Amino acid sequence: MPATTSLPPGPRLPRAAQTLRWIIRPTAFMEEQARRFGDCFTVRLLDSPPMVFVSDPASLRAVFTGDPDVLRAGEANQILEPVLGANSVLLLDGERHLRQRRLMLPAFHGERMQRYDAVMVAAAEEEIARWPLEQPFALLPRMQAVTLEVILRAVFGLREGERLDRLRLLLRELLEWTAGRDRMLRIALLGPTRFGERSLAPLRAALRPVHALLDEELAARRRQAGANGAAPERDDVLTLLLEARDEDGEPLDDAELRDELITLLVAGHETTATALAWAMERLLRHPPALGRLREELAGGEEAYLDAVVKETLRLRPILPIVARRLTAPFELHGRLLPAGTEVAPCIYLAHRNPEVYPDPLAFRPERFLEQPAGTYTWIPFGGGVRRCLGASFAQFELRSVLRAIVAGTELRAADAAAERVVRRAITYMPHRGAEVVLDRRRAPA
Ligand code: HEM
């Protein structure tokens, strides 16, 4: 192991210039650094520690299997605290993170997902029925409506009624705030501290009624369930969270449950909607891939659908990086990085590695039929003990909704040119929101 700590080279631009480029042209910025410095380089942003980007499989393995007490994700994610709340699994580290994660994991187990299929397909079909014929519209907001509905029903377990309608409205307002385009720029330029309480006032105002409604729902659920667990006929995620007990027999308390519900909403809504928009954006520009998908689905085959989902998340990852803050020196890529550094496994660059993915810019779902997705080469959901809790849920939802769209519509791209990747808050979306024209609806098979 090297005796002294050091950081890998990186761009020599002033911090403000690096920050602006990272916010405004992030993909060009990452590609340029990879061309100059290879698969490990240091980026220096305003108001944050040096960030070491890595994208080679060996480094990704080292980070994702490293000691979580040294590689702290919760600390690196603190910028999300005002939205998610201090008890969010995304913001915790150490024992508390593991406890919370263990309590939540069973609700997201792959085998349970089948139960949500009906909710997902219904949400997609209801939405498709509202699309206009023969005029351009952006798919992204339509996909957001679907994923919000899925979370309200499959995760929060809300059914028809006033509380569902009120919460839907309030959450739209909250999500609009969190996705505000200029917000990331202001937080990055001013720093979270100087961005300050005053700027957070609208967020707090949007959160207050949401918290009140969630508290109401939790109280109602506990009343229905009696003293010991939840009503037996429900199998939404919240029911399982209410029933979950840790090794000492302790449940999640109301503040924890509330923060986790907001976390699941924020982590699962925009990400999945954007992935759906990208999948259609890519498929509509690759008619042979869409044709093969249609054919295989008609024959009851799902392998190609799964490959389309994987290839979409490879070529258009929704989040470009994940982050870990070092609490002690850590050996990576032949160096000893100093404590305090932020390590950023770079999803975007890892997915464009030509040694792993020949012809990396081509949209070719077949590659995932020829070769399975690798743990340290296909990382749209991050990795290790912090890997996305909703990864199975999201992939299941992507398959269910895409199946419904392919079966129920004949769409074309509003403009033949591919859509550019642009940043919206923290996700990377198609710049026109995946604009399409619906030529006609297809009768259900
Ligand atoms: C395509 C959709 C999605 C993408 C691309 C995505 C991606 C990610 C990524 C990159 C992380 C960080 C992993 C790391 O630090 O190594 C993460 C964490 C997380 N995601 Fe997702 N996600 C998606 C959908 C969802 C859904 C649907 C849910 C829940 C309903 C969800 C819940 C979470 C939670 C709770 C965490 C925190 C895990 C922890 O810190 O232990 N995500 N996700």
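**Questions on the model**

Me: Leaving aside neighbours within four places in sequence, which residues is Ser392 in contact with?
Reply: This is a predicted model, in which local features need pLDDT of at least 70 and side-chain atom pairs count only at pLDDT 80 or more, whereas totals for chains, interfaces and linings use all residues. Residues are numbered from 1 along each chain as its sequence is written, and side-chain values use heavy atoms, with hydrogens and water left out. With contact taken as heavy atoms within 4.5 Å, and sequence neighbours within four places set aside, the residues that Ser392 touches are Phe108, Gly110 and Met113.

Me: What is the relative accessibility of Ser392?
Reply: Ser392 lies in helix H17, residues 391-408, where helices are DSSP runs (H or I) of at least four residues and strands (E) are runs of at least two, numbered from the N terminus. Buried means under 20% relative accessible area and exposed over 50%, with partly exposed in between, using a 1.4 Å probe and protein chains only. Ser392 counts as partly exposed because its relative accessibility is 31%.

Me: How many Å apart in space are Ser392 and Leu203, C-alpha to C-alpha?
Reply: These two residues, Ser392 and Leu203, are separated by 189 residues in sequence. From C-alpha to C-alpha, the distance between Ser392 and Leu203 in space is 30 Å.

Me: Which residue is the single donor from the protein to the iron atom of the ligand?
Reply: Donors are N, O and S atoms within 2.8 Å of the metal (3.2 Å for Na, K and Ca), and since water is not among the atoms, sites may look incomplete. The residue in question sits in the loop between helix H16 (367-370) and H17, and at 33% relative accessibility it counts as partly exposed. Its SG atom is 2.2 Å from the iron, and the donor is Cys388.

Me: How many disulfides does the count come to?
Reply: A disulfide is a covalent bond between the sulfur atoms of two cysteines, and the rule used here asks for a pair of cysteine sulfur atoms within 2.5 Å. Cys40, which is buried at 7% relative accessibility, has its closest cysteine sulfur in Cys346 at 11 Å, so the two are too far apart for a bond. By this rule the number of disulfides is zero.

Me: How many Å does helix H9 reach from its first C-alpha to its last?
Reply: Helix H9 takes in residues 162-179, 18 residues in total, and its buried residues include Leu164, Leu167, Arg168 and Trp177. The expected span of a helix is 1.5 Å times one less than its number of residues. For H9 this expectation is 26 Å, and the reach of the helix is close to it, at 26 Å.

Me: How many degrees around the axis of helix H3 do its buried residues cover?
Reply: In helix H3 (residues 57-65) the buried residues are Ser59, Leu60, Val63 and Phe64. They lie on the same side of H3 because they cover an arc, taken from the directions from the helix axis to the C-beta atoms, of only 125 degrees. On the other side of H3, Ala58 and Thr65 are exposed, while the cover over the buried residues includes strand E2 (51-54) and helix H15 (347-350). The arc asked for is 125 degrees.

Me: What is the order of the open sheet of five strands?
Reply: Two strands pair if DSSP finds at least two bridges between them, and the edge strands, E1 (40-43) and E3, each pair on one side only. E1 and E2 are antiparallel over four bridges, with Thr42 opposite Val52 and Phe41 opposite Phe53, whereas E2 and E8 are parallel over four bridges. The pairing is mixed, and the order is E1-E2-E8-E5-E3.

Me: Which residue in E12 does Ala138 stand opposite?
Reply: The open sheet of three strands has the order E4-E12-E9 with antiparallel pairing. Strands E4 (137-138) and E9 (409-413) each have a single partner strand, so one side of each is left without a neighbour in the sheet. E4 pairs with E12 (residues 435-441) over two bridges, and the residue opposite Ala138 is Glu435.
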